[in-house]
Amino acid sequence: MSGDLRHPDRDPNRREFVAQKQEPFGAILSCIDSRVPPELLFDTGLGDLYVMRTGGEAVGPVVTGSVEYGPMTSGTPLVVVLGHQRCGAIAAAYKSIRDGKPLSGNLDAIARALRPAYEQAVREGGSDPVETMARAQVELTADDLRSNQDLAPLVAKGALAVVGAYYSLDTGKVEVLAGAPTKP
């Protein structure tokens, strides 16, 4: 937020260190939006994060499997589902579903995946239904991952936190929406 970037772990020494083995401390599922690159937002370097990006954080078996990879293979203790302000994928899906006009090509698969967030946003109402839908998508996806048959046992024993978060394009602030780990 402050612009005081440290750019850690981005030099040739770090590249050599992680060349043979990786142990990222987090996995981030975020949007494809060019303004929301997790490695830059969180000022991380090589080997620090597993990153999956899909339109509006839409998930399916391959994406879910990619999220599961870190926690299940190397004990990655954190998964963050990161939504953001003014999400174009969410806005397009919202309009498509509301108007009953499918998006072209495979873009409609994204809209279909986002339908539960649309339905929640409609139930909740509010002054900006697209932003409500974006936040709902984060929370629903984080809830689904947290209760996933393979991740739920890790969450239950405290080895994994699955956090829903929302990035403000205006301020650079990341707001935790759900799943923040508690201190023992």
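Helices (H or I, at least four residues) and strands (E, at least two residues) are taken as DSSP runs and numbered from the N terminus. The structure is a predicted model, in which local features require pLDDT of at least 70 and side-chain atom pairs count only at pLDDT 80 or more, whereas totals for chains, interfaces and linings use all residues. Residues are numbered from 1 along each chain as its sequence is written, and side-chain values use heavy atoms, with hydrogens and water left out.

Thr76 is located in the loop that links helix 3 to strand 3. Its relative accessibility is 2%, so Thr76 is classed as buried (under 20% relative accessible area, with exposed meaning over 50% and partly exposed in between; 1.4 Å probe, protein chains only). A polar atom of the Thr76 side chain lies 3.3 Å from the backbone oxygen of Pro24. When neighbours within four places in sequence are set aside, the contacts of Thr76 (heavy atoms within 4.5 Å) are Pro24, Phe25, Gly26, Ala27, Tyr50, Gly70, Pro71, Ala159 and Leu160.

A nonpolar core is defined as a set of buried Ala, Val, Leu, Ile, Met, Phe, Trp, Tyr and Cys residues joined through side-chain atoms within 4.5 Å. The largest such core comprises 33 residues, among which Val79, Ile90, Met133 and Leu145 touch the most other members. At least two residues of this core are supplied by each of strand 1 (26-31), strand 2 (49-54), helix 3 (61-74), strand 3 (78-84), helix 4 (88-99), helix 6 (115-124), helix 7 (129-146) and strand 4 (161-167). Helix 7 provides the largest share, seven residues. Not counting residues up to four places away in sequence, Leu145 touches Thr64, Val67, Val79, Val81, Leu151 and Val162. A second, separate core has nine residues, including Val36, Leu82, Val163 and Tyr167. In soluble globular proteins, nonpolar side chains tend to be buried together.

Helix 7 also takes part in two helix pairs. For these, axes are lines fitted to C-alpha atoms, over the stretch in contact for helices, and angles run from 0 to 180 degrees between N-to-C directions. Helix 4 and helix 7 pack with axes 9 Å apart at an angle of about 110°. Helix 4 is therefore roughly perpendicular to helix 7 (65 to 115 degrees; under 35 counts as roughly parallel, over 145 as roughly antiparallel and the rest as oblique). Their crossing is right-handed, meaning that the near helix is turned clockwise from the far one by less than a right angle, anticlockwise being left-handed. In this pair, Ile90, Ala91, Ala93 and Tyr94 of helix 4 make the contact with Pro129, Val130, Met133, Ala134 and Gln137 of helix 7.

The axes of helix 6 and helix 7 come within 8 Å and cross at roughly 125°, and the two helices are therefore oblique to each other. The crossing of helix 6 and helix 7 is likewise right-handed. Pro116, Ala117, Tyr118, Gln120, Ala121 and Glu124 of helix 6 meet Pro129, Thr132, Met133, Ala136, Gln137, Glu139 and Leu140 of helix 7.

Two further positions are partly exposed. Ala92, in helix 4, has a relative accessible area of 32%. The C-alpha atoms of Ala92 and Pro102, ten residues apart in sequence, are 9.9 Å apart. Arg10 belongs to the segment before helix 1 (12-18) and has a relative accessible area of 34%. Arg10 and Leu46 are 36 residues apart along the chain, with their C-alpha atoms separated by 5.8 Å. Beyond its neighbours within four places in sequence, Arg10 is in contact with Glu39, Leu40, Asp43, Thr44 and Gly45.

Technical notes:
A polar contact is a pair of N or O atoms within 3.5 Å; within protein, one must be able to donate a hydrogen and the other to accept it, and residues adjacent in sequence count only if both atoms are side-chain atoms.
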